[in-house]
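Student: I've got a structure open and some questions about it. Can we go through it together?
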Amino acid sequence: ALFLTEATSEDDSVSLTAKSVHHHPQTKIAKQPCRSIKPKYRWKVVWRNVFAFVYLHVAGLYGLYLLLFVCSWKTFFWTYLFAFIAGQGITAGAHRLWAHRSYKAKLPLRIILMICQTMAFQNHIYEWVRDHRVHHKFTDTDADPHNAKRGFFFSHIGWLMLRKHQDVMLKGKKVDMSDLAEDPVIQFQKKFYLLLVPIMCFAVPSLVPWYFWNENGWVSWYTASIFRYCLSLNFTWLVNSAAHIWGTKPYDKTIGPAENMGVALAAFGEGWHNYHHVFPWDYKAAELGNYRLNHTTMVIDFFSKIGWAYDLKTTSVEMIEKRAKRTGDGSRTIKNFEGDV
Ligand code: ST9
Ligand code: ZN
Ligand code: ZN
């Protein structure tokens, strides 16, 4: 099937214009009703992923039922704790440490974060970081793996069910990954990822409640493994979908990413996305380090106190003020930005 869509491609060389289509009536494209200017590349649905995500969400709903009405309070608490720890592997680890280098971490912390990131099963760190750096460099274009211009569904989960747009591969080559290629912790995880993921993301969270407090193994699997994984994925994806669609833009009103408190709460402080795209090097990923709305900052500050995290990078108030004045939408003084730490 051939699909037509809004003109999102920045690169004219990969897309025919409507005009050229009319000049070549023999092409397949001309037989389709022309809804917009540029025809899209062909969708290649990856059915394996579609089925996996359908199972994950149906089974996840069942897990939610067991979590609320059947499991013991210990399993409930364990599910939350595991989600928190795995989440830090994504936020403090893959995102703020490895993708943005917003602080430095000593070897023990890098190993801990790598293990936590494996618990989250969101691809190995090297792949996660490559996609994320490409997302920042080519935000909201066809070269962005989860281009929010293609709508909520695509930027949320759809991008994981289709082969990538060729621009992602072509332009993605320009992104420097040499720092990760040299990190033995990253290379270790990459090498053993397929072995580590089933253990860390599924076996450990299910076996702990079963072994230590005699939780029913079935209940344990659907709550601590399946539901917890499903919810964590959706909370993470909200950063790419909701926080690229809804919210204020105090720092740059010309870009898609926005400040979204709901997403910040769900994703441990990763919802201050207008700030983050304007000042991506800031370890707080937000203007102020309000711990209640930014649990990840709390975790990094803790490791900084014991000396395992260092060289924390942030942004001066003058620089933020100047930028907000020049490109912001005027909403910078709202209450969410009053820090309490
Ligand atoms: C998941 C990831 O969920 C979620 C990421 C979210 C990011 C959010 C960021 C927001 C900030 C942080 C917020 C955190 C909040 C946390 C809260 C916690 C509660 N550049 O990919 P392939 C090349 S994963 C350059 O196979 P296909 C490269 O050569 C969920 N080049 O493309 C590559 O080969 P290799 C679990 C690139 O075939 C080759 O292309 N995982 C780039 O089109 C092929 O790459 C899944 O479900 C690039 N960016 O397949 C798996 N990309 O790797 C899903 C590719 O050898 N993925 N290349 O170098 C897949 O099955 C496939 O990737 C696909 C595309 C079907 C989606
Ligand atoms: Zn980022
Ligand atoms: Zn973004």
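Student: Is the crossing of α3 and α4 left-handed or right-handed?

Tutor: The crossing of α3 and α4 is left-handed. Keep in mind that this is a predicted model.

Student: Which residues make that contact?

Tutor: From α3 they are I85, A86, Q88, G89, I90, A92, G93, A94 and L97. From α4 they are L113, M114, C116, Q117 and M119.

Student: How do those divide into nonpolar, polar and charged?

Tutor: 10 are nonpolar and 4 are polar, with no charged residues.

Student: And what angle do α3 and α4 pack at?

Tutor: About 120°, with the axes 7 Å apart. Angles of 65 to 115 degrees count as roughly perpendicular and those over 145 as roughly antiparallel, so α3 and α4 are oblique to each other.

Student: New topic, the ligand. Which residues come nearest to ligand 1?

Tutor: G87, R163, K164, G172 and V239, out of 31 residues around ligand 1. The elements giving two or more residues to that shell are α3 (73-99), α5 (125-137), α7 (166-172) and α10 (217-240).

Student: Which one gives the most?

Tutor: α10, with 6 residues.

Student: Last thing, confidence. What does the chain average for pLDDT?

Tutor: The average is 89, and 86% of the residues score at least 70. The model scores ipTM 0.98 and pTM 0.89.

Student: Where does pLDDT stay under 50?

Tutor: Over residues 1-34. The model has 50 contacts beyond four places in sequence for that stretch. Where pLDDT is low, the predicted coordinates should not be read in detail.

Technical notes:
Residues numbered from 1 in each chain as written. Chains lettered and ligands numbered in written order. Predicted model: local features only at pLDDT ≥ 70, side-chain atom pairs only at ≥ 80, totals over all residues. Near = placed C-beta within 6 Å. Helix = DSSP H or I, 4+ residues; strand = E, 2+ residues; numbered from the N terminus. pLDDT = per-residue confidence, 0-100. Contact = placed C-beta atoms within 7 Å. Axes fitted to C-alpha atoms, helices over the stretch in contact; angles between N-to-C directions. Parallel < 35°, antiparallel > 145°, perpendicular 65-115°, else oblique. Left-handed = near helix turned anticlockwise from the far one by under 90°. Nonpolar A, V, L, I, M, F, W, Y, C, P; charged D, E, K, R; others polar.
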